[in-house]
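I opened my notebook for a slow walk through this one. Here is what I looked up, in the order I got to it.

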Amino acid sequence: MTGSYDFKRWAGDWWQTPKGHWSTAATAPADWKTKSVFLSCPACGEVASLPHAVDQEGRVTPSVVCPNGPKCPMHLSPVRLLEWNLGTKPSDR
Ligand SMILES: [Zn+2]
């Protein structure tokens, strides 16, 4: 699974994030550098935190690969987080 992808918003608990959705840890501090953003792989459903940068419009850079790889071939670019309202997120790396 490759190409562009739009992740939908999941407002429930992050560990239950459904395939192809993004979420945040509700208990995380409002300070955004420490706030965790999670993605659920649209191919295999693996939920993992996202260290990437996100811009004001929810565009993620650089491309996103599944942490299950090479078992999971998911490699997505460009990636967008729909209903993103958390401002600009710097890369955690
Ligand atoms: Zn995967």
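**Strands and numbering**

Along the sequence the pattern reads β-β-β-β-β-β-β-β. I number residues from 1 along each chain as its sequence is written. The model is predicted, so I kept to pLDDT of at least 70 for local features and 80 or more for side-chain atom pairs, while totals for chains, interfaces and linings use all residues.

**Burial and contacts**

Of the 93 residues, 22% count as buried; that label takes 20 or more other C-beta atoms within 10 Å of a residue's own, exposed takes 12 or fewer, partly exposed lies in between, and C-beta atoms are placed from the backbone. I call two residues in contact if their C-beta atoms, placed from the backbone, lie within 7 Å. Among contacts between residues at least 6 apart in sequence, 44% join residues at least 24 apart.

**The core**

A nonpolar core here is a set of buried Ala, Val, Leu, Ile, Met, Phe, Trp, Tyr and Cys residues joined through C-beta atoms within 7 Å. The largest has 14 residues, and Phe7, Trp22, Leu39, Val60, Val64, Val79 and Leu81 touch the most other members. β3 (37–40) and β8 (75–81) each give two or more residues to this core, and β8 gives the most, with three. Leaving aside neighbours within four places in sequence, I found Val79 in contact with Tyr5, Phe7, Val60 and Val64.

**A loop residue**

Ala11 sits in the loop between β1 (2–9) and β2 (21–24). Why is Ala11 exposed? Because it has 9 other C-beta atoms within 10 Å.

Technical notes
Helix = DSSP H or I, 4+ residues; strand = E, 2+ residues; numbered from the N terminus.
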